[in-house]
Amino acid sequence: MKKPRGSSARPDAGMGSHDALEPSWSASQAAAAARDFAELHAAHGGLLWVEFDPVQARCALLWWHVGQRRELTPPGFSVRSKVYEYGGGACCPTATGVAFVNEADQQVYHLELAPGSSPQALGGRPGCRYGDLAFVAAWQALLAVEESREEGAVLHRIVRLGLDGRRRVLVEGADFYAAPTVDAQARRLVWIEWQRPHLPWTTTRLYQRQFDGQDWGRSECLAGSAGGESLQQPRFDAQGRLWVISDRQGWWQPWLCEPGASSPLMPPHDHAPAPWQLGGRSFLALESGGLLASRSEQGDAVLVEYLPDGGERRLAGEFRRFRALAADAGHFYCIAGSPQRLPAVLAIARDSGQVQVLAGGEEPLAPAQLSLPAAFSYPSGAGETAHGYFYAAQGGEPNPPLLVFLHGGPTSACYPVFDARIPFWTQRGFAVADLNYRGSSGFGRAYRLRLQESWGQIEVEDIRAAIAHLAAAGHIDPARVFVRGASAGGYSALCALARLPGLRGGASLYGVSDPLALRRVTHKFEADYLDWLLGDPQRHPARYRERTPLQQAGRIRVPVIFFQGGRDAVVVPQQTEAMVAALRDNGVAVEYCLFADEGHGFRQAVHLAEALQREWHFYCALLAST
């Protein structure tokens with residue numbers, strides 16, 4: 001979904017027992033801890049991955065080999081795709097090196113592993129974007145999703161980029177493509193595609209083309225032709241069989257997509273997140289005939305090996321989120337999250353299950369300095385249940401203020417893993433509720449689709465119900481509750497501030513305040529998302545008025561702080577500034593912070609730290625005034 005400054009209240013303006021706290025976790029430490037990893041690949045006798053450094057706001061390509069790690073990206077390069085704006089699949093190993101998408105020009109480069117090698121451009125079309133890279137050894141070429149802008153239209157294709165610099169279009173005509181892959185003989189090409197107005201988490205299709213020795217045959221739909229099914233991550237196993245994740249039975253589960261194959265013999269849980277980015281790998285088909293998969297159990301993830309005999313083995317039990325699965329003969333690899341640790345790159349011995357941390361995984365805080373996530377479920381709506389994670393405040397106050405976190409998307413999720421922002425708040429006497437409101441992923445298809453035409457209503461009901469639930473349990477003071485969110489979460493925060501009169505204040509970080517304005521300028525990937533979330537504005541004008549924060553600004557009577565990126569092309573600064581002006585015209589206390597060189601989602605550590613510090617000062621002043 002540089003800065004004009006308002007008055008920044010000091011935290012020593014009076015917060016009662018909160019003044020006695022001595023926080024050990026600063027905003028700068030929280031911002032620096034935003035380092036993360038992506039896109040693991042077991043190759044060249046080691047492991048490749050992408051590492052994001054918030055201090056440099058740069059994504060580097062790392063190679064771990066014989067116990068040593070070495071950065072491969074030379075100065076001036078950053079590894080990041082912008083296909084569909086959210087990117088993904090920005091690198092892959094080749095026979096002699098690695099191919100990657102350079103953030104600045106979005107072109108694909110090949111880099112040999114030999115020290116001193118320089119990246120060589122692979123002949124993509126200038127001005128195009130590339131992502132979802134996969135190397136085909138038989139062709140000595142890459143498969144990629146290509147995004148081009150031609151005569152005012154945004155077009156997508158699956159292309160072949162040879163290491164010799166030649167480009168060939170393999171598939172075109174659909175609105176969107178993902179996950180192109182071929183079998184070991186390079187005779188079967190499969191991919192996921194979908195057409196507008198569908199979204200990748202609502203309705204997609206699995207297609208294939210077969211090579212007859214001379215040319216590729218016609219496209220054939222293998223799954224999803226009836227609609228109402230979301231498919232992702234097709235891949236071939238060692239026997240040449242095709243697997244794909246499908247939610248045809250209500251949960252994203254791996255299916256064997258072969259004639260006569262039966263339904264999956266696994267528990268009814270999601271085995272994949274919502275595919276906002278390309279290149280996801282939440283399951284692997286193993287050479288033994290089994291599967292390695294990340295399984296979500298009411299929001300908590302487990303890493304499980306499904307054995308060929310029908311049994312299963314859980315792995316890396318300390319961790320509660322698993323991404324970017326990879327494997328070689330001796331190890332399973334993944335990016336893992338834990339409530340106590342920073343994101344970690346793990347190597348898990350396939351025989352013993354022993355876990356080795358290759359990168360990350362630091363424990364930045366002692367147990368006494370950290371509030372751990374406590375999963376809670378609560379009634380909301382008409383007999384439904386919503387979910388979240390509660391983090392208790394530190395400092396001993398019996399009924400502390402509450403800060404409600406709202407994730408973006410909104411078809412996304414929060415996870416019970418270390419979030420560097422949360423100890424910043426809990427150490428300063430705030431309890432935190434991180435909500436997986438209805439419409440979040442990880443709880444099955446029906447729960448995920450619950451926001452359809454109900455955005456701005458359903459999640460607001462869940463916010464109200466969560467506050468009531470936590471107050472009834474004696475965990476928080478319902479008279480001192482703040483809501484905050486980024487992008488779509490910012491929209492939900494503003495809707496809550498307009499509709500829940502008991503809130504004390506809130507924060508919107510590049511949040512949507514005018515869905516119609518966003519609808520006019522949003523990118524192709526989300527061009528139909530707002531109609532899915534709110535309905536057709538021509539048919540439902542009253543609904544848009546009721547759920548547009550800008551038009552409901554008169555109902556917001558409590559202070560709000562706004563953060564905005566000056567280069568944001570999704571929620572443009574003018575949208576946030578219109579909301580700020582409307583609240584100020586109504587006499588509401590507002591603070592506005594513009595980071596001129598940030599986009600949609602802040603990446604620079606200095607800005608992440610300043611935003612966190614200013615938000616805290618803002619709430620402190622409000623609490624001191626009561």
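Start by selecting Q298, which sits in the loop between β21 (291-297) and β22 (300-306). Strands here are DSSP runs of E with at least two residues, helices are runs of H or I with at least four, and both are numbered from the N terminus. Before moving on, note that this is a predicted model, where local features need pLDDT of at least 70 and side-chain atom pairs count only at pLDDT 80 or more, while totals for chains, interfaces and linings use all residues. Residues are numbered from 1 along each chain as its sequence is written, and side-chain values use heavy atoms, with hydrogens and water left out.

**Stop 1**

Is Q298 buried, exposed or partly exposed? Its relative accessibility is 47%, so Q298 counts as partly exposed (buried means under 20% relative accessible area, exposed over 50%, partly exposed in between, with a 1.4 Å probe and protein chains only).

Now select H44, in the loop between β1 (36-43) and β2 (46-53). H44 is not a glycine either, yet its phi is positive at about 55°. With 24% relative accessibility, H44 counts as partly exposed.

**Stop 2: cis peptide bonds**

Next, pick R196 and P197, which are joined by a cis peptide bond with omega of about 10°. You will find P197 in the loop between β14 (188-194) and β15 (205-210). Then jump to G409 and P410, where a cis peptide bond has omega of about 5°. P410 belongs to the loop between β30 (402-406) and α2 (421-426).

**Stop 3: a helix pair**

Show helix α4 (residues 458-472) together with helix α5 (residues 488-499). Two packed helices are described by the angle between their axes and the distance between the axes. Here the angle is about 65° and the axes are 9 Å apart; axes are lines fitted to C-alpha atoms, for helices over the stretch in contact, and angles run from 0 to 180 degrees between N-to-C directions. That makes α4 roughly perpendicular to α5 (65 to 115 degrees; under 35 is roughly parallel, over 145 roughly antiparallel and the rest oblique).

Which residues make the contact? From α4 come E459, V460 and I463, and from α5 come Y491, S492, C495, A496 and R499; contact means heavy atoms within 4.5 Å.

**Stop 4: inside α5**

Select L494, in helix α5. At 1% relative accessibility, L494 counts as buried. Leaving out residues up to four places away in sequence, L494 touches S508, V512, S513, P549, I556, V560 and F562.

**Stop 5: the cores**

A nonpolar core is a set of buried Ala, Val, Leu, Ile, Met, Phe, Trp, Tyr and Cys residues joined through side-chain atoms within 4.5 Å. The largest has 107 residues, and Y84, W139, L402, L435, F562 and L583 have the most contacts inside it. Helix α5 gives the most to this core, with eight residues. A second, separate core of 40 residues includes F405, V432, A486 and F563.

**Last stop: T548**

Finish at T548, in the loop between α8 (541-546) and β34 (560-565). T548 counts as buried, at 1% relative accessibility. Setting aside neighbours within four places in sequence, T548 is in contact with S513, D514 and P515.
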